[in-house]
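Here is a guided walk through one multi-chain structure, written for someone who likes to know which cut-off stands behind each word. Please keep the viewer open as you read.

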Amino acid sequence: MPLLELDGVSKRFGGLIAVNDVSLKIEKGESFGIVGPNGSGKTTLFNLISGIYRPDSGRIFFDGQEITELPPYRRAQLGIGRSFQIPRPFKGATVRENVAVGALFGTLSGKIDVDSALEIADHYIEVVGLHEKRNDEAERLTAVEKKLLELARALAMKPKLLLLDEVVAGMNPKDVDRVVDLIKRVKEEEEIAVVAMVEHVIPAVMKFAERIMVMHEGRKMVEGPTLEVLMMDEVAMVYFGESKLPGE
Amino acid sequence: MKGKILLLVVIAVVLGLAIAGCAEKKPSETPTPTPAKKETPVSTPTPAPTQPQVEKVVVGGTLSLSGKFANEGKLSLWGIQAALKWINDVHGGVNVGGKKVKLEFKYYDDESKKETVQSFYERLVTVDKADVLLAPYSSGLTLAAAPIAEKYGKLYVSHGGASDRIFEQGYEYVVQVLSPASKYQSGALDLIKSIDPSAKRVALIYEDNEFAKSVFRGAKEHAEELGFEVVFDKTYPKNPTDLTPLLSEMKAANPDIVLGGGHFADGQLLVTQMADLKVNAKFISIIVAPALPKFYEALGTRAEGIAGPGQWEIGVKYSPEAAKQAGLEYYGPTQEEFLKYFHEVAGEDVQPDYHAAEAAGAILAIAKAIDTAGTTDSKALRDTFSKLEFMTFFGNFKIDPQTGKQVGHEMVLFQWQGGKKVIIWPPEAATGEPYYPIPTWEEKEQGKLATK
Amino acid sequence: MRRYVRPMIPVIILYLTLLLVGLSSESRWQPVAFIMFYIALGQALNMFLGMTGYVDFGYVAFLALGSYGMALAFSSFSSLGLWVILLGFVLAIIMSSLLSLAVGAIALRLRGAYFAIATIGVNEGFRYLVEGVRLWGGSEGIIISSTMKDIFGSDLSNYISTFVADIMVFVIGFIAAFLTVYIINSRIGYALMAVREDEDAARVMGVFATKYKIMAFAMSAIFAGLIGASAWTLKLTYVFPEDVFNITYTVEAIAIVMLGGAGTLTGPIMGGLIYGFLRYYLSTVLPGFQLLVVAPLLVLIVTIFPEGVMGYVKRKVRNTRFEKYII
Amino acid sequence: MPFLEQLAGNLIYGAILGAVYGLATMGLSQIFGVLKIVNVGHGAFIMLGAFTAYWMFTLYSINPMLSIPIALVIGLSMGLAVFYTVIRRLIGAPELSSLLATFGIGIFLEELAKFFWGPDHRGYTWNIGSVNLSITLIPYSKLLAFGMSIIIALILYSIFQKTRIGTAIRAVVEDREGAMVCGVNVTRIYALSFAIGIGLTVMSGVLVTLFVPVGINPYMGGEYTLKAFVIAVLGGLSSPWGAFVGGFIFGLLENGSYTILSLFPNVEPFSLTRFVAFSVLLIILLVKPTGLMGGEGE
């Protein structure tokens, strides 16, 4: 049984079809990449999975249960954590408080009191390496730190599935390596399936993802083991235009 | 940055002063810039109150100088100041323990809002040492401050709380100077009954609020007693912008007489829209709005023939002579004197209306009661009030000893005739003949006035 | 524990000072009660506005229903004797919370200004329903003075109106402050913080935003109802719909919260203090002209402290040892 | 058929009233749409417009129609003055701080008006005859109010659609950062929008007096503020055109529902018309949470 299953999911806004009949299966603990240019429907797909939008047609299953009609907070509690393309931390709150929200509300495993939530928060802040800033207000973090904060916040939810929206965009190569290593490590430690979505094909991510899917104009174009997919000519044609090889 | 810190400090200091400021009893440090500066009582610092020696008598009250009753509040203040001129300058003050002392009036602005009044009345009693309280304007505010008056056992004289219900609450110290709401439209009905027995159909159109409902419940009862047929009885909510729906329905009911109104703005609107829609009636009487000269200024000839009840009008025949005839004592300035004093405080071009007169009447009643009782003790004053029967320029004064409700005062009915208010009812107070039936709107458009 | 105690220290100091000033002389009690009304009003509104970031222009409807609750207890259950006051408070709680749940369920789906103004519709609609179908005395309202006198006698009635009702407002304000501290440090507080900062992000992190919004809304409404029941009905002894559904009170409450700093604990207290004091003090100095001074002062303060006075102080004490006391 | 005749008459008046309401709301929507400021002092500016018409008429016998441009100029300059002294400092501050500021400004204007002109309720009579539609009579002054409201709304519409300034304002409404990048001076657009909003509002005050030429007093604005808020939301808050449509709906509901409500016994039908109007607002918002002409989201 796959962890996440999308069955012919579509979503339209007015006349525009943002996601068109996408089916997808993701296994427990898997690393999966979604690649596609801007406007190809990736973010909408994430919003459909995390519940911000309801699909117009199609069904979504998670961990053996249909979640198509569940509100976002229920899905989060079932184990779907996510980050946003443009980080959306709770600006006025401190880093600790931000992460504690994830620990407090992101799980189904009974109510956690504030103190234990703060302990969990401290742990994940340590994990992502923000401990020196834990009492700073989130709005004073740098862009990279905000992404790390979102990661910690999502991890504190103890997710089974982590949806990462452009998590390394705009980072320098050193930071990219650091973050990818970090994700790999927590993925192993916590047995999380990770779905990372990227616009530009970054070697580090390609190495990290076991399988990828390429989206184009709201449709799933191809899906398969990373290297295989990237070798396909049609992918190169659509996605890279005239050029040939990914990631130089 | 510095500016902010400075401001913080300033706020802190001001708040600190608050605590000190409320505490300190500084009776004279209030330079009150009122529209009429000379009348503001500037009290001298009172020495330690040795028992029987009274230096002055203070009447305290709030007036609605801002907010929805600001219009009435302003006129009341002038009326009070005019009455004080007579009491202090002509009469020489009030008699307390055989000695004439000055009567002072101390006031605050309640902004026509209910939560301010209790604190001001408490201040009036405790800081300003008011001996007698003048109740605020309107029934609501009168009720709101009553617990303070009762708590301190101060006489609480109402010059603007017309609702009959105030006097059904069992207050000990509440005394009314003006005629209660239920009487407002009685005069108009009595008048029509006496001059045109064929006019039977009465329409009532009024504001949906406490005061107007009291007025028109009284009017309806009175109309039915007199054998009128009430063919239309509808309200409109506060601050209407368009009365067309009501008026077109009323027009269809074809009334002979229209009684209506509520407050200033809606009263003006009612007449304007009746004119627009040519809703004609033989007689129209509107409460509150027509009493002010601004009503005629706003409506021009459309105001011709419109009548309205008043607690008082310029020209009413309450005078020392009238008092003698009635076997009553007359107290206070004559009407001419009152008008003179009023113009001194308010300016030559302002005419007093009944709001000014009823406030002045209240102050005069207080002065009269103190004079009679020779003390400012509330109990003695209340007992004196129960027995008092006298006349001022505002009219007769006599209360129901039990409830404090006014029973002696009579309302008048005036009518706009040729740009002037003429008193047409009751006959003994009238300064002119009623113009009946009033000109139609079409005739008024041709320039016809309600004059013979 | 210290988490709850430390921030309460400035609150307790402010409240005690006010109480002592009020009790120190007869002349100071009502002014303090006047200021206290605004403080309590600010605190009650802050529970919703400060915590969730939602504005409710129709907020005054909860005060109105609370005051009707108390008035109805007196007009319909006067045989209960002293218990009628308790019943009044219970009715105030029930009526204001029911309305808040109804409004919450319907209108909290709307975002931002749409919600704010839809609630005006609720308030005005309710008012004209009361007047239109002559509910609870219609436009003539309910006067309870004589009933109060029948039950308690004249002296005790006056005592209730001029002292007990004010003490009730004090107590309500204090409980509101304590509850605020508790909420800020609890799960609810974290949830509301998340909703206020970014509702969508909060949802995908597992926060059942609607539930917490309605919780805050209902709590805030209950406090408003209690304030209405004591500061209006018990104190002023009458309820006229025209007065109690007046939107000005909402705007004043928002002004107080913004003056002090939304979402802070001491903000509404400072805001109420500044607003109430300015109005009272200037009225005694310049009767009739006080608003001409108060209004520009409000504008001045907000241009200098856009985050409110306590919002500014909170920022200033960050990373100092006072940090834990000002929240 | 007196019932239908009355209904028709009421609806005609409702439409006229609605146009005036609509115009009286457009300024509010304009300011909210661009600056995200809820102007709780809105009514005070309507009051200023009403007084403008009143003083022009009584002191200089100036036809109220000619007061419209005068009011516009007064409004525009007041708008600029208020913007540069107060509002500009609050851009970027918490949203509600501007609410406190406009609250203070509103009170200040009312008190100033009372200080200079007194609290009296004033009015003027500009009787230029009326047209008889057999079911009802309509004074020409009210028809002028109706016509002028529509003309002003149309002029505003074309300014917004056709001119550079209009385009820049729309750009700021849609995407502030984007507009800034494209070289639009956002502060200036804010100032302009605020001034236009206030100008419209003061101007609508003149039209209000064409419909209700009496009861002009310093505190008259409160009722219009309330209705303007509701109408603005009905139409979709940041859309001045929506506001205009919302005004129509509100006017028609207020007047139209009376004829039906008056059939019920033991109620105050006219008070209930407002209940109906506000209830319909809520229903519309539940069906379409961003108002009739609101777009997706905010």
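Predicted model: local features only at pLDDT ≥ 70, side-chain atom pairs only at ≥ 80, totals over all residues.

Residues are numbered from 1 along each chain as its sequence is written, and chains are lettered from A and ligands numbered from 1 in the order in which they are written.

Let us begin with chain B as a whole. Its secondary structure amounts to 14 helices and 16 strands; here helices (H or I, at least four residues) and strands (E, at least two) are DSSP runs, numbered from the N terminus. Of its 452 residues, 60% count as buried. A residue is called buried if 20 or more other C-beta atoms lie within 10 Å of its own, exposed if 12 or fewer, and partly exposed in between, with C-beta atoms placed from the backbone. Two residues are in contact if their C-beta atoms, placed from the backbone, lie within 7 Å. Among chain B contacts between residues at least 6 apart in sequence, 69% join residues at least 24 apart.

Chain B splits into two domains: domain 1 covers 54-179 + 318-397, and domain 2 covers 183-310 + 411-445. These bounds come from an automatic or database domain assignment. The centres of the two domains of chain B, taken over C-alpha atoms, are 29 Å apart. Where they meet, nine residues of domain 1 of chain B are in contact with 10 residues of domain 2 of chain B. The domain 1 side of that contact has two nonpolar, five polar and two charged residues. For these classes, Ala, Val, Leu, Ile, Met, Phe, Trp, Tyr, Cys and Pro count as nonpolar, Asp, Glu, Lys and Arg as charged, and the others, Gly among them, as polar.

Now find the open sheet of six strands in chain B, with the order β2-β3-β1-β4-β5-β6 and mixed pairing. Two strands pair if DSSP finds at least two bridges between them. At the edges are β2 (94-96) and β6 (174-176) of chain B, each of which pairs on one side only. From one strand to the next, the twist averages 35°. Within chain B, β4 (residues 132-134) and β5 (residues 155-158) pair in the parallel sense over three bridges, and B:Val132 stands opposite B:Leu155 in β5(B). Helix α2 (residues 70-90) of chain B lies across β1 (56-63), β2 and β3 (99-109) of chain B, and runs at about 170° to β3(B). Axes are lines fitted to C-alpha atoms, for helices over the stretch in contact, and angles run from 0 to 180 degrees between N-to-C directions.

Another strand to look at is β9 (residues 257-261) of chain B. Five of its five residues are buried, so β9(B) is largely enclosed by the rest of the structure. In a regular strand the side chains alternate between the two faces of the sheet. Both faces of β9(B) are covered, with B:Ile257, B:Leu259 and B:Gly261 buried on one side and B:Val258 and B:Gly260 buried on the other. Strand β7 (residues 201-207) of chain B runs parallel to β9(B) and is joined to it by five bridges; B:Val202 stands opposite B:Ile257. Strand β10 (residues 283-287) of chain B also pairs with β9(B) in the parallel sense over five bridges, and there B:Leu259 stands opposite B:Ser285.

With 19 C-beta neighbours inside 10 Å, B:Thr384 counts as partly exposed. Leaving aside neighbours within four places in sequence, B:Thr384 is in contact with B:Ala369, B:Thr372 and B:Ala373.

Finally, turn to chain D, which has 11 helices and two strands. Its radius of gyration, taken over C-alpha atoms, is 19 Å, close to the 19 Å that the globule rule (2.2 Å times the number of residues to the power 0.38) gives for 298 residues, so chain D is as compact as a globular protein of that length. Of those 298 residues, 62% count as buried. The contact between chains D and C takes 41 residues from chain D and 39 residues from chain C. On the chain D side, α4(D) gives the largest share, 11 residues. That side divides into 30 nonpolar, six polar and five charged residues.
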